[in-house]
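Have the sequence and the 3D view ready.

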Amino acid sequence: MSQFDEVEVEGGEGIQVDLRHLLSESLDAVFIVDRSTGVIRGVNRRCEELTGYCLDELVGNNVEVLSPRQPSPKMSPTIWEELLEQPGLHEEVRIERSDGRCFLAEMSVTLTTVNAKQTSLLFMRDLTERRKLERELITKHLALKEAYEELERTNKELERASAEIQTAQRWLVHLEKMATIGRFAAGVAHEVNNPMAFVLENLAQLRGIGARRLPAHLDHLDGARRRQLEATISEQQELIQETIEGADRVSQIMRQLHSFSNVSDQEMEPTNLHSLLESSIMMVNNQIRYRARLERHYYDVPEVLCVPNNISQVIVNLLVNAVHALEDGNKDQDVILVRTRTTGDQVVLEIQDTGCGIPPENLSRIMEPFFSTKARGTGTGLGLSISASIVEQHGGTLEVESEVGRGTIVRMKLPVRSAPPATAEAKQPTPEATRKLQLLIVDDEVYYLRAMKRGLGRAHAVLLSSNAGEALQILAEHKVDLILLDLMMPEMDGVELYKILVNAHPYLEKRVIFVSGGVFEESIKASVKSTGLEVLNKPFKHEELHSAIDRMGIWQKS
Ligand SMILES: Nc1ncnc2c1ncn2[C@@H]1O[C@H](COP(=O)(O)OP(=O)(O)OP(=O)(O)O)[C@@H](O)[C@H]1O
Ligand SMILES: [Mg+2]
(Lines give C-alpha, C1' and ligand atoms only; values in the text may rest on other atoms or scores of the structure.)
(Ligands and ions follow the chains in the order given, each with its own letter.)
Protein backbone atom coordinates (compact mmCIF):
# COMPACT_ATOMS: atom_id res chain seq x y z
CA MET A 1 0.00 0.00 0.00
CA SER A 2 3.01 2.28 -0.40
CA GLN A 3 1.21 4.48 -2.79
CA PHE A 4 -1.01 5.69 0.05
CA ASP A 5 1.76 6.19 2.52
CA GLU A 6 1.72 9.92 2.08
CA VAL A 7 -1.99 10.33 2.78
CA GLU A 8 -2.35 12.26 5.96
CA VAL A 9 -5.27 11.31 8.02
CA GLU A 10 -6.23 12.79 11.30
CA GLY A 11 -6.95 10.37 14.05
CA GLY A 12 -5.31 7.36 15.66
CA GLU A 13 -3.17 4.66 14.09
CA GLY A 14 -6.11 2.23 13.82
CA ILE A 15 -8.08 4.70 11.75
CA GLN A 16 -5.13 5.28 9.39
CA VAL A 17 -4.75 1.58 8.81
CA ASP A 18 -8.45 1.21 8.17
CA LEU A 19 -8.38 4.04 5.69
CA ARG A 20 -5.53 2.55 3.69
CA HIS A 21 -7.25 -0.74 3.73
CA LEU A 22 -10.47 0.90 2.65
CA LEU A 23 -8.85 2.68 -0.25
CA SER A 24 -6.93 -0.33 -1.40
CA GLU A 25 -10.01 -2.54 -1.33
CA SER A 26 -12.35 0.02 -2.87
CA LEU A 27 -14.33 -1.16 -5.90
CA ASP A 28 -13.71 2.24 -7.43
CA ALA A 29 -10.24 3.05 -8.72
CA VAL A 30 -8.75 5.92 -6.63
CA PHE A 31 -6.03 8.15 -8.03
CA ILE A 32 -4.15 10.62 -5.81
CA VAL A 33 -3.34 13.49 -8.16
CA ASP A 34 -1.34 16.62 -7.67
CA ARG A 35 -3.94 19.23 -8.26
CA SER A 36 -1.69 21.85 -9.84
CA THR A 37 0.29 19.55 -12.20
CA GLY A 38 -2.12 16.68 -12.79
CA VAL A 39 0.67 14.23 -11.89
CA ILE A 40 -0.50 10.97 -10.36
CA ARG A 41 0.99 10.51 -6.94
CA GLY A 42 -0.63 7.33 -5.85
CA VAL A 43 -3.16 4.65 -6.99
CA ASN A 44 -4.98 1.66 -5.49
CA ARG A 45 -5.10 -1.84 -6.95
CA ARG A 46 -8.30 -1.23 -8.78
CA CYS A 47 -6.54 1.47 -10.85
CA GLU A 48 -4.19 -1.15 -12.20
CA GLU A 49 -7.06 -3.56 -12.94
CA LEU A 50 -9.12 -1.02 -14.77
CA THR A 51 -6.42 0.74 -16.78
CA GLY A 52 -4.12 -2.21 -17.43
CA TYR A 53 -1.15 -0.05 -16.39
CA CYS A 54 1.03 -1.14 -13.47
CA LEU A 55 1.73 1.02 -10.49
CA ASP A 56 5.02 2.30 -11.85
CA GLU A 57 3.53 3.28 -15.16
CA LEU A 58 0.84 5.29 -13.44
CA VAL A 59 2.58 6.99 -10.53
CA GLY A 60 4.58 9.98 -11.78
CA ASN A 61 2.64 10.09 -15.05
CA ASN A 62 0.14 12.80 -15.91
CA VAL A 63 -3.49 11.83 -15.39
CA GLU A 64 -4.16 12.52 -19.07
CA VAL A 65 -2.45 9.22 -19.83
CA LEU A 66 -5.86 7.72 -19.06
CA SER A 67 -7.49 9.30 -22.12
CA PRO A 68 -4.78 10.31 -24.50
CA ARG A 69 -7.10 10.60 -27.54
CA GLN A 70 -9.22 13.38 -26.12
CA PRO A 71 -7.20 16.45 -27.00
CA SER A 72 -9.01 19.63 -26.04
CA PRO A 73 -9.17 22.66 -28.26
CA LYS A 74 -6.34 25.06 -27.50
CA MET A 75 -6.91 27.30 -24.53
CA SER A 76 -9.92 25.37 -23.30
CA PRO A 77 -9.39 23.21 -20.24
CA THR A 78 -9.15 19.46 -20.69
CA ILE A 79 -11.66 17.24 -19.01
CA TRP A 80 -9.01 16.44 -16.39
CA GLU A 81 -8.26 20.08 -15.70
CA GLU A 82 -12.00 20.67 -15.26
CA LEU A 83 -12.32 17.68 -12.96
CA LEU A 84 -9.37 18.65 -10.82
CA GLU A 85 -10.60 22.22 -10.57
CA GLN A 86 -14.16 21.41 -9.65
CA PRO A 87 -14.49 19.05 -6.75
CA GLY A 88 -17.91 17.42 -6.59
CA LEU A 89 -18.17 17.29 -10.39
CA HIS A 90 -19.25 13.98 -11.88
CA GLU A 91 -18.20 13.35 -15.44
CA GLU A 92 -18.36 10.44 -17.77
CA VAL A 93 -14.98 9.98 -19.43
CA ARG A 94 -13.84 7.57 -22.09
CA ILE A 95 -10.77 5.81 -20.67
CA GLU A 96 -8.19 4.11 -22.84
CA ARG A 97 -6.49 1.12 -21.31
CA SER A 98 -2.83 0.28 -21.80
CA ASP A 99 -3.83 -2.37 -24.40
CA GLY A 100 -5.75 0.24 -26.40
CA ARG A 101 -9.26 -0.97 -25.44
CA CYS A 102 -11.61 1.71 -24.20
CA PHE A 103 -14.36 1.86 -21.63
CA LEU A 104 -16.65 4.48 -20.19
CA ALA A 105 -15.96 5.53 -16.61
CA GLU A 106 -17.67 7.86 -14.20
CA MET A 107 -15.12 10.21 -12.61
CA SER A 108 -15.58 12.27 -9.47
CA VAL A 109 -13.19 14.27 -7.39
CA THR A 110 -12.65 15.29 -3.77
CA LEU A 111 -9.99 17.66 -2.57
CA THR A 112 -7.59 16.99 0.22
CA THR A 113 -4.17 18.09 1.38
CA VAL A 114 -1.20 15.75 1.31
CA ASN A 115 2.02 16.98 2.81
CA ALA A 116 0.68 20.56 2.64
CA LYS A 117 0.02 20.14 -1.09
CA GLN A 118 -3.37 20.58 -2.67
CA THR A 119 -4.24 17.13 -3.78
CA SER A 120 -7.21 15.63 -5.60
CA LEU A 121 -8.61 12.19 -4.89
CA LEU A 122 -9.90 11.05 -8.26
CA PHE A 123 -12.46 8.25 -8.14
CA MET A 124 -13.03 6.18 -11.26
CA ARG A 125 -15.96 3.77 -11.63
CA ASP A 126 -16.32 1.45 -14.62
CA LEU A 127 -19.69 2.03 -16.26
CA THR A 128 -19.42 -0.83 -18.75
CA GLU A 129 -21.54 -3.26 -16.77
CA ARG A 130 -24.06 -0.60 -15.78
CA ARG A 131 -24.41 0.58 -19.36
CA LYS A 132 -24.83 -3.00 -20.51
CA LEU A 133 -27.57 -3.52 -17.93
CA GLU A 134 -29.17 -0.24 -18.94
CA ARG A 135 -29.13 -1.26 -22.58
CA GLU A 136 -30.61 -4.62 -21.69
CA LEU A 137 -33.23 -2.88 -19.60
CA ILE A 138 -34.11 -0.54 -22.46
CA THR A 139 -34.28 -3.48 -24.89
CA LYS A 140 -36.53 -5.34 -22.49
CA HIS A 141 -38.62 -2.25 -21.91
CA LEU A 142 -39.03 -1.75 -25.67
CA ALA A 143 -39.95 -5.40 -26.16
CA LEU A 144 -42.44 -5.12 -23.34
CA LYS A 145 -43.87 -1.93 -24.82
CA GLU A 146 -44.19 -3.61 -28.21
CA ALA A 147 -45.85 -6.65 -26.65
CA TYR A 148 -48.23 -4.34 -24.77
CA GLU A 149 -49.09 -2.45 -27.94
CA GLU A 150 -49.64 -5.73 -29.76
CA LEU A 151 -51.89 -6.82 -26.90
CA GLU A 152 -53.83 -3.56 -27.15
CA ARG A 153 -54.21 -4.00 -30.90
CA THR A 154 -55.42 -7.57 -30.45
CA ASN A 155 -57.78 -6.40 -27.75
CA LYS A 156 -59.24 -3.74 -30.01
CA GLU A 157 -59.63 -6.26 -32.82
CA LEU A 158 -61.37 -8.60 -30.41
CA GLU A 159 -63.69 -5.82 -29.28
CA ARG A 160 -64.45 -4.94 -32.91
CA ALA A 161 -65.05 -8.59 -33.79
CA SER A 162 -67.27 -8.99 -30.75
CA ALA A 163 -69.28 -5.89 -31.72
CA GLU A 164 -69.62 -7.25 -35.27
CA ILE A 165 -70.81 -10.59 -33.94
CA GLN A 166 -73.34 -8.84 -31.72
CA THR A 167 -74.57 -6.75 -34.67
CA ALA A 168 -74.84 -9.85 -36.84
CA GLN A 169 -76.68 -11.67 -34.07
CA ARG A 170 -79.19 -8.85 -33.64
CA TRP A 171 -79.57 -8.68 -37.40
CA LEU A 172 -80.27 -12.42 -37.58
CA VAL A 173 -82.79 -12.16 -34.76
CA HIS A 174 -84.42 -9.28 -36.61
CA LEU A 175 -84.53 -11.22 -39.88
CA GLU A 176 -85.94 -14.26 -38.12
CA LYS A 177 -88.55 -12.03 -36.47
CA MET A 178 -89.46 -10.47 -39.80
CA ALA A 179 -89.68 -13.88 -41.44
CA THR A 180 -91.97 -15.11 -38.66
CA ILE A 181 -94.14 -12.03 -38.95
CA GLY A 182 -94.16 -12.54 -42.71
CA ARG A 183 -95.28 -16.17 -42.41
CA PHE A 184 -97.90 -15.22 -39.84
CA ALA A 185 -99.16 -12.38 -42.03
CA ALA A 186 -99.31 -14.70 -45.01
CA GLY A 187 -101.43 -17.17 -43.09
CA VAL A 188 -103.78 -14.48 -41.81
CA ALA A 189 -104.04 -12.87 -45.23
CA HIS A 190 -104.91 -16.17 -46.84
CA GLU A 191 -107.58 -16.97 -44.28
CA VAL A 192 -109.13 -13.51 -44.41
CA ASN A 193 -109.00 -12.98 -48.17
CA ASN A 194 -111.23 -15.90 -49.00
CA PRO A 195 -114.21 -14.81 -46.90
CA MET A 196 -113.51 -11.16 -47.78
CA ALA A 197 -113.88 -12.05 -51.45
CA PHE A 198 -117.45 -13.23 -51.06
CA VAL A 199 -118.35 -10.63 -48.41
CA LEU A 200 -117.38 -7.89 -50.85
CA GLU A 201 -119.08 -9.60 -53.77
CA ASN A 202 -122.28 -10.07 -51.78
CA LEU A 203 -122.22 -6.50 -50.53
CA ALA A 204 -121.93 -5.29 -54.11
CA GLN A 205 -124.93 -7.48 -54.96
CA LEU A 206 -126.93 -6.13 -52.03
CA ARG A 207 -126.20 -2.60 -53.13
CA GLY A 208 -127.36 -3.49 -56.67
CA ILE A 209 -130.58 -5.02 -55.40
CA GLY A 210 -131.31 -1.96 -53.29
CA ALA A 211 -130.52 0.43 -56.11
CA ARG A 212 -132.19 -1.41 -59.00
CA ARG A 213 -134.92 -3.75 -57.83
CA LEU A 214 -136.54 -2.11 -54.83
CA PRO A 215 -137.41 1.24 -56.46
CA ALA A 216 -139.66 -0.69 -58.89
CA HIS A 217 -141.89 -1.70 -55.99
CA LEU A 218 -142.31 1.91 -54.89
CA ASP A 219 -144.64 2.59 -57.80
CA HIS A 220 -147.31 0.46 -56.16
CA LEU A 221 -147.21 2.44 -52.96
CA ASP A 222 -148.24 5.93 -52.22
CA GLY A 223 -148.15 8.54 -49.53
CA ALA A 224 -146.56 7.83 -46.18
CA ARG A 225 -145.71 4.17 -46.92
CA ARG A 226 -143.82 5.12 -50.06
CA ARG A 227 -141.82 7.79 -48.19
CA GLN A 228 -141.14 5.35 -45.39
CA LEU A 229 -139.82 2.71 -47.79
CA GLU A 230 -137.77 5.27 -49.69
CA ALA A 231 -136.14 6.35 -46.41
CA THR A 232 -135.45 2.71 -45.49
CA ILE A 233 -133.91 2.00 -48.89
CA SER A 234 -131.71 5.08 -48.67
CA GLU A 235 -130.63 4.17 -45.15
CA GLN A 236 -129.83 0.63 -46.27
CA GLN A 237 -127.82 1.92 -49.23
CA GLU A 238 -125.81 4.13 -46.90
CA LEU A 239 -125.16 1.25 -44.53
CA ILE A 240 -124.15 -1.03 -47.36
CA GLN A 241 -121.87 1.62 -48.83
CA GLU A 242 -120.14 2.16 -45.50
CA THR A 243 -119.81 -1.58 -44.97
CA ILE A 244 -118.27 -1.91 -48.43
CA GLU A 245 -115.79 0.80 -47.58
CA GLY A 246 -114.90 -0.96 -44.34
CA ALA A 247 -114.55 -4.30 -46.07
CA ASP A 248 -112.49 -2.63 -48.80
CA ARG A 249 -110.16 -1.31 -46.14
CA VAL A 250 -109.79 -4.75 -44.59
CA SER A 251 -108.99 -6.29 -47.95
CA GLN A 252 -106.49 -3.53 -48.77
CA ILE A 253 -104.73 -4.10 -45.46
CA MET A 254 -104.69 -7.81 -46.18
CA ARG A 255 -103.18 -7.05 -49.56
CA GLN A 256 -100.42 -5.08 -47.84
CA LEU A 257 -99.85 -7.84 -45.32
CA HIS A 258 -99.61 -10.20 -48.20
CA SER A 259 -97.09 -7.94 -49.91
CA PHE A 260 -95.05 -7.70 -46.72
CA SER A 261 -94.92 -11.40 -46.24
CA ASN A 262 -93.78 -11.86 -49.77
CA VAL A 263 -90.18 -11.11 -48.77
CA SER A 264 -88.52 -13.76 -50.86
CA ASP A 265 -90.22 -12.61 -54.02
CA GLN A 266 -87.48 -10.39 -55.33
CA GLU A 267 -88.73 -9.81 -58.82
CA MET A 268 -88.49 -6.30 -60.16
CA GLU A 269 -91.50 -5.00 -61.99
CA PRO A 270 -92.41 -1.72 -63.65
CA THR A 271 -94.19 0.18 -60.92
CA ASN A 272 -96.22 3.30 -60.64
CA LEU A 273 -94.70 5.10 -57.68
CA HIS A 274 -97.89 7.00 -56.88
CA SER A 275 -99.96 3.83 -56.45
CA LEU A 276 -97.21 2.40 -54.29
CA LEU A 277 -97.17 5.60 -52.24
CA GLU A 278 -100.90 5.47 -51.74
CA SER A 279 -100.95 1.87 -50.59
CA SER A 280 -98.02 2.57 -48.25
CA ILE A 281 -99.67 5.70 -46.87
CA MET A 282 -102.77 3.66 -46.17
CA MET A 283 -100.79 1.41 -43.89
CA VAL A 284 -99.66 4.26 -41.66
CA ASN A 285 -102.47 6.71 -42.18
CA ASN A 286 -103.87 5.85 -38.81
CA GLN A 287 -100.71 7.13 -37.16
CA ILE A 288 -100.35 10.14 -39.42
CA ARG A 289 -103.88 11.44 -39.07
CA TYR A 290 -103.56 12.11 -35.33
CA ARG A 291 -100.24 13.92 -35.62
CA ALA A 292 -100.23 15.96 -38.82
CA ARG A 293 -101.78 17.05 -42.05
CA LEU A 294 -100.60 14.93 -44.98
CA GLU A 295 -99.95 16.86 -48.18
CA ARG A 296 -99.25 15.29 -51.52
CA HIS A 297 -97.40 17.11 -54.29
CA TYR A 298 -97.34 14.52 -57.02
CA TYR A 299 -95.89 15.32 -60.43
CA ASP A 300 -96.16 13.15 -63.47
CA VAL A 301 -93.36 10.62 -62.98
CA PRO A 302 -92.47 7.67 -65.18
CA GLU A 303 -92.62 4.12 -63.90
CA VAL A 304 -89.69 2.76 -61.94
CA LEU A 305 -88.39 -0.77 -62.08
CA CYS A 306 -88.54 -2.07 -58.53
CA VAL A 307 -89.62 -4.76 -56.10
CA PRO A 308 -92.84 -3.04 -54.99
CA ASN A 309 -92.96 -4.68 -51.56
CA ASN A 310 -89.46 -3.55 -50.76
CA ILE A 311 -89.94 0.03 -51.88
CA SER A 312 -93.25 0.07 -50.01
CA GLN A 313 -91.34 -1.04 -46.92
CA VAL A 314 -88.96 1.92 -47.40
CA ILE A 315 -91.84 4.39 -47.76
CA VAL A 316 -93.54 3.05 -44.64
CA ASN A 317 -90.28 3.31 -42.68
CA LEU A 318 -89.80 6.92 -43.76
CA LEU A 319 -93.40 7.87 -42.99
CA VAL A 320 -93.24 6.27 -39.54
CA ASN A 321 -89.99 8.12 -38.81
CA ALA A 322 -91.65 11.37 -39.87
CA VAL A 323 -94.61 10.70 -37.58
CA HIS A 324 -92.32 9.89 -34.67
CA ALA A 325 -90.46 13.16 -35.17
CA LEU A 326 -93.66 15.14 -34.57
CA GLU A 327 -94.87 16.21 -31.18
CA ASP A 328 -98.21 15.09 -29.94
CA GLY A 329 -101.00 17.66 -29.90
CA ASN A 330 -99.68 19.87 -32.67
CA LYS A 331 -101.80 18.33 -35.36
CA ASP A 332 -103.02 21.61 -36.85
CA GLN A 333 -99.54 23.05 -37.45
CA ASP A 334 -97.54 19.95 -38.33
CA VAL A 335 -97.30 18.75 -41.90
CA ILE A 336 -95.93 15.66 -43.61
CA LEU A 337 -95.32 16.46 -47.23
CA VAL A 338 -94.92 13.73 -49.82
CA ARG A 339 -93.45 15.03 -53.05
CA THR A 340 -92.53 13.35 -56.32
CA ARG A 341 -90.72 14.67 -59.38
CA THR A 342 -88.34 13.61 -62.11
CA THR A 343 -84.75 14.83 -62.34
CA GLY A 344 -82.85 13.64 -65.40
CA ASP A 345 -83.17 9.88 -65.48
CA GLN A 346 -84.20 9.61 -61.86
CA VAL A 347 -87.53 9.64 -60.10
CA VAL A 348 -87.31 11.57 -56.84
CA LEU A 349 -89.55 10.94 -53.85
CA GLU A 350 -89.28 13.26 -50.87
CA ILE A 351 -90.88 12.82 -47.49
CA GLN A 352 -90.63 16.02 -45.50
CA ASP A 353 -91.78 16.66 -41.96
CA THR A 354 -91.97 19.65 -39.65
CA GLY A 355 -90.69 17.58 -36.73
CA CYS A 356 -87.85 17.86 -34.26
CA GLY A 357 -85.05 17.49 -36.83
CA ILE A 358 -81.79 15.61 -36.43
CA PRO A 359 -78.76 17.14 -34.66
CA PRO A 360 -75.62 17.28 -36.87
CA GLU A 361 -73.75 14.79 -34.65
CA ASN A 362 -76.48 12.19 -35.29
CA LEU A 363 -76.95 12.94 -38.97
CA SER A 364 -73.85 10.98 -39.94
CA ARG A 365 -74.96 7.99 -37.86
CA ILE A 366 -78.64 7.52 -38.64
CA MET A 367 -77.95 5.06 -41.47
CA GLU A 368 -75.94 2.83 -39.14
CA PRO A 369 -77.72 -0.38 -38.22
CA PHE A 370 -79.12 -0.20 -34.69
CA PHE A 371 -78.60 3.54 -34.30
CA SER A 372 -81.73 4.86 -32.67
CA THR A 373 -82.60 7.77 -30.41
CA LYS A 374 -85.91 6.20 -29.57
CA ALA A 375 -86.65 4.63 -26.22
CA ARG A 376 -85.64 1.00 -25.80
CA GLY A 377 -88.31 -1.20 -27.28
CA THR A 378 -89.68 1.64 -29.42
CA GLY A 379 -87.13 1.64 -32.22
CA THR A 380 -84.64 -0.97 -33.33
CA GLY A 381 -82.64 1.53 -35.35
CA LEU A 382 -82.87 -0.66 -38.42
CA GLY A 383 -85.45 1.29 -40.41
CA LEU A 384 -83.11 3.63 -42.26
CA SER A 385 -80.27 1.16 -42.71
CA ILE A 386 -82.58 -1.43 -44.26
CA SER A 387 -84.21 1.29 -46.37
CA ALA A 388 -80.86 2.57 -47.62
CA SER A 389 -79.75 -0.93 -48.53
CA ILE A 390 -83.01 -1.63 -50.38
CA VAL A 391 -82.76 1.63 -52.32
CA GLU A 392 -79.11 0.94 -53.16
CA GLN A 393 -80.03 -2.52 -54.44
CA HIS A 394 -82.39 -0.73 -56.82
CA GLY A 395 -79.52 1.43 -58.08
CA GLY A 396 -80.84 4.45 -56.20
CA THR A 397 -79.83 6.62 -53.26
CA LEU A 398 -81.32 7.74 -49.97
CA GLU A 399 -80.34 11.21 -48.69
CA VAL A 400 -81.31 13.06 -45.55
CA GLU A 401 -81.38 16.81 -44.92
CA SER A 402 -82.34 18.05 -41.51
CA GLU A 403 -82.36 21.07 -39.25
CA VAL A 404 -83.03 20.84 -35.55
CA GLY A 405 -86.35 22.43 -34.69
CA ARG A 406 -87.38 22.82 -38.33
CA GLY A 407 -87.73 19.32 -39.67
CA THR A 408 -86.31 16.72 -41.99
CA ILE A 409 -86.40 15.82 -45.67
CA VAL A 410 -85.60 12.28 -46.70
CA ARG A 411 -85.03 11.99 -50.42
CA MET A 412 -85.18 8.70 -52.29
CA LYS A 413 -83.93 8.65 -55.87
CA LEU A 414 -84.65 5.70 -58.10
CA PRO A 415 -83.59 5.21 -61.70
CA VAL A 416 -86.33 5.57 -64.27
CA ARG A 417 -87.26 2.28 -65.82
CA SER A 418 -85.11 2.00 -68.95
CA ALA A 419 -87.44 0.04 -71.26
CA PRO A 420 -90.47 2.16 -72.17
CA PRO A 421 -93.59 0.70 -70.59
CA ALA A 422 -96.33 -0.66 -72.76
CA THR A 423 -98.96 2.04 -72.71
CA ALA A 424 -101.43 1.00 -70.10
CA GLU A 425 -104.19 3.07 -71.65
CA ALA A 426 -104.02 1.17 -74.90
CA LYS A 427 -104.60 -2.02 -72.97
CA GLN A 428 -107.49 -0.79 -70.86
CA PRO A 429 -110.62 -2.68 -71.71
CA THR A 430 -113.52 -0.62 -72.89
CA PRO A 431 -117.03 -1.67 -71.96
CA GLU A 432 -117.74 -2.02 -75.68
CA ALA A 433 -114.91 -4.50 -75.99
CA THR A 434 -116.51 -6.87 -73.52
CA ARG A 435 -119.05 -9.43 -74.50
CA LYS A 436 -120.80 -12.25 -72.75
CA LEU A 437 -118.39 -15.10 -72.00
CA GLN A 438 -118.88 -18.65 -70.81
CA LEU A 439 -116.96 -18.72 -67.53
CA LEU A 440 -116.04 -21.67 -65.34
CA ILE A 441 -115.05 -20.82 -61.77
CA VAL A 442 -113.20 -23.54 -59.84
CA ASP A 443 -112.78 -22.92 -56.11
CA ASP A 444 -113.21 -25.04 -52.99
CA GLU A 445 -114.89 -22.14 -51.14
CA VAL A 446 -118.60 -22.63 -51.87
CA TYR A 447 -119.73 -19.21 -50.59
CA TYR A 448 -117.16 -17.64 -52.85
CA LEU A 449 -118.50 -19.58 -55.84
CA ARG A 450 -122.04 -18.46 -55.11
CA ALA A 451 -121.02 -14.86 -54.64
CA MET A 452 -119.10 -14.89 -57.93
CA LYS A 453 -122.04 -16.37 -59.78
CA ARG A 454 -124.30 -13.64 -58.42
CA GLY A 455 -121.70 -10.99 -59.25
CA LEU A 456 -120.67 -12.11 -62.72
CA GLY A 457 -123.85 -13.94 -63.68
CA ARG A 458 -125.54 -10.87 -65.13
CA ALA A 459 -122.72 -10.09 -67.57
CA HIS A 460 -121.58 -13.64 -68.31
CA ALA A 461 -122.71 -17.25 -68.28
CA VAL A 462 -121.14 -18.76 -65.19
CA LEU A 463 -120.49 -22.41 -64.37
CA LEU A 464 -119.26 -23.41 -60.92
CA SER A 465 -117.12 -26.24 -59.69
CA SER A 466 -115.72 -26.88 -56.24
CA ASN A 467 -113.26 -29.66 -57.20
CA ALA A 468 -111.22 -31.16 -59.99
CA GLY A 469 -113.60 -34.00 -60.87
CA GLU A 470 -116.54 -31.64 -61.22
CA ALA A 471 -114.49 -29.29 -63.36
CA LEU A 472 -113.51 -32.08 -65.76
CA GLN A 473 -117.12 -33.20 -65.93
CA ILE A 474 -118.29 -29.67 -66.80
CA LEU A 475 -115.59 -29.27 -69.44
CA ALA A 476 -116.62 -32.54 -71.05
CA GLU A 477 -120.11 -31.09 -71.52
CA HIS A 478 -119.44 -27.37 -72.13
CA LYS A 479 -117.06 -25.32 -74.17
CA VAL A 480 -115.86 -22.48 -71.96
CA ASP A 481 -114.18 -19.19 -72.84
CA LEU A 482 -112.33 -18.74 -69.59
CA ILE A 483 -111.60 -20.58 -66.36
CA LEU A 484 -110.99 -18.78 -63.06
CA LEU A 485 -108.94 -21.34 -61.20
CA ASP A 486 -108.14 -21.21 -57.48
CA LEU A 487 -104.46 -21.84 -56.82
CA MET A 488 -104.82 -23.40 -53.37
CA MET A 489 -107.27 -26.25 -53.16
CA PRO A 490 -107.15 -29.20 -50.79
CA GLU A 491 -107.00 -31.99 -53.41
CA MET A 492 -104.39 -30.51 -55.68
CA ASP A 493 -103.03 -27.09 -56.40
CA GLY A 494 -104.34 -24.96 -59.25
CA VAL A 495 -101.34 -25.54 -61.52
CA GLU A 496 -101.66 -29.32 -61.26
CA LEU A 497 -105.34 -29.10 -62.15
CA TYR A 498 -104.51 -26.67 -64.96
CA LYS A 499 -102.18 -29.23 -66.51
CA ILE A 500 -104.83 -31.96 -66.32
CA LEU A 501 -107.47 -29.68 -67.85
CA VAL A 502 -105.19 -28.54 -70.67
CA ASN A 503 -104.15 -32.10 -71.33
CA ALA A 504 -107.78 -33.05 -71.82
CA HIS A 505 -108.72 -29.79 -73.61
CA PRO A 506 -105.68 -28.16 -75.24
CA TYR A 507 -107.73 -25.16 -76.41
CA LEU A 508 -107.79 -24.01 -72.75
CA GLU A 509 -104.04 -23.44 -72.57
CA LYS A 510 -104.29 -19.63 -72.67
CA ARG A 511 -107.82 -19.42 -71.26
CA VAL A 512 -107.11 -19.71 -67.56
CA ILE A 513 -106.66 -17.02 -64.93
CA PHE A 514 -105.38 -18.17 -61.56
CA VAL A 515 -107.00 -16.78 -58.44
CA SER A 516 -105.10 -16.62 -55.16
CA GLY A 517 -106.24 -16.03 -51.60
CA GLY A 518 -102.76 -15.08 -50.42
CA VAL A 519 -99.20 -16.20 -50.44
CA PHE A 520 -98.47 -19.52 -51.98
CA GLU A 521 -95.42 -21.71 -51.79
CA GLU A 522 -92.26 -20.96 -53.74
CA SER A 523 -92.61 -24.16 -55.79
CA ILE A 524 -96.16 -23.21 -56.83
CA LYS A 525 -95.01 -19.66 -57.55
CA ALA A 526 -92.40 -21.04 -59.95
CA SER A 527 -94.83 -23.35 -61.71
CA VAL A 528 -97.38 -20.54 -62.05
CA LYS A 529 -94.69 -18.45 -63.66
CA SER A 530 -93.86 -21.20 -66.11
CA THR A 531 -97.46 -21.14 -67.40
CA GLY A 532 -97.19 -17.44 -68.21
CA LEU A 533 -100.75 -16.96 -66.95
CA GLU A 534 -102.14 -14.11 -64.86
CA VAL A 535 -102.82 -14.32 -61.13
CA LEU A 536 -105.63 -12.30 -59.57
CA ASN A 537 -105.55 -11.79 -55.82
CA LYS A 538 -108.77 -12.19 -53.88
CA PRO A 539 -110.75 -10.09 -53.38
CA PHE A 540 -110.62 -8.46 -56.81
CA LYS A 541 -112.97 -6.06 -58.51
CA HIS A 542 -114.85 -6.87 -61.72
CA GLU A 543 -112.79 -4.26 -63.54
CA GLU A 544 -109.60 -6.06 -62.55
CA LEU A 545 -110.96 -9.28 -63.98
CA HIS A 546 -111.97 -7.51 -67.18
CA SER A 547 -108.49 -6.00 -67.49
CA ALA A 548 -106.95 -9.45 -67.07
CA ILE A 549 -109.32 -10.94 -69.69
CA ASP A 550 -108.47 -8.07 -71.97
CA ARG A 551 -104.74 -8.64 -71.60
CA MET A 552 -105.27 -12.28 -72.58
CA GLY A 553 -107.18 -11.29 -75.72
CA ILE A 554 -110.10 -13.56 -74.77
CA TRP A 555 -112.69 -11.18 -76.24
CA GLN A 556 -111.11 -11.51 -79.67
CA LYS A 557 -110.54 -15.25 -79.41
CA SER A 558 -114.06 -16.17 -78.42
N1 LIG B 1 -87.75 12.21 -39.95
C2 LIG B 1 -86.93 12.15 -38.89
N3 LIG B 1 -86.89 13.18 -38.00
C4 LIG B 1 -86.06 13.13 -36.92
N5 LIG B 1 -85.22 12.11 -36.64
C6 LIG B 1 -85.21 11.06 -37.50
C7 LIG B 1 -86.06 11.02 -38.65
N8 LIG B 1 -85.81 9.87 -39.30
C9 LIG B 1 -84.87 9.21 -38.59
N10 LIG B 1 -84.51 9.92 -37.50
C11 LIG B 1 -83.48 9.55 -36.51
O12 LIG B 1 -82.74 8.49 -37.02
C13 LIG B 1 -82.74 7.39 -36.11
C14 LIG B 1 -82.66 6.09 -36.88
O15 LIG B 1 -83.84 5.89 -37.64
P16 LIG B 1 -84.26 4.43 -38.05
O17 LIG B 1 -85.49 4.51 -38.83
O18 LIG B 1 -83.09 3.74 -38.67
O19 LIG B 1 -84.48 3.70 -36.66
P20 LIG B 1 -85.65 3.95 -35.60
O21 LIG B 1 -86.74 4.73 -36.23
O22 LIG B 1 -85.03 4.51 -34.38
O23 LIG B 1 -86.11 2.47 -35.30
P24 LIG B 1 -86.91 1.49 -36.31
O25 LIG B 1 -87.11 2.22 -37.59
O26 LIG B 1 -86.01 0.31 -36.48
O27 LIG B 1 -88.16 1.17 -35.59
C28 LIG B 1 -84.01 7.57 -35.31
O29 LIG B 1 -83.93 6.96 -34.04
C30 LIG B 1 -84.09 9.10 -35.20
O31 LIG B 1 -83.25 9.58 -34.19
MG1 LIG C 1 -87.55 4.11 -38.12
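In this predicted model, the shell around ligand 1 is made up of eight nonpolar, 12 polar and two charged residues. That shell holds 22 residues, and the closest to ligand 1 are Ala 325, Ser 372, Gly 379, Gly 383 and Leu 384. Two or more residues of the shell come from each of helix H8 (308-325) and helix H10 (383-393). Which element gives the most to the shell around ligand 1? The answer is H8, with four residues.

Now turn to how these two helices meet. Two packed helices are described by the angle between their axes and by the distance between those axes. For H8 and H10, the angle is about 145° and the axes lie 9 Å apart. The crossing of H8 past H10 is left-handed. On the H8 side, the contact is formed by Asn 310, Gln 313, Val 314, Asn 317, Leu 318 and Asn 321. H10 meets them with Gly 383, Leu 384, Ser 387, Ile 390 and Val 391.

Where is Pro 539 placed? You will find Pro 539 in the loop between strand S17 (535-537) and helix H16 (542-552). The peptide bond joining Lys 538 and Pro 539 is cis, with omega at about -10°.

Technical notes. Residues numbered from 1 in each chain as written. Chains lettered and ligands numbered in written order. Predicted model: local features only at pLDDT ≥ 70, side-chain atom pairs only at ≥ 80, totals over all residues. Near = placed C-beta within 6 Å. Nonpolar A, V, L, I, M, F, W, Y, C, P; charged D, E, K, R; others polar. Axes fitted to C-alpha atoms, helices over the stretch in contact; angles between N-to-C directions. Left-handed = near helix turned anticlockwise from the far one by under 90°. Contact = placed C-beta atoms within 7 Å.
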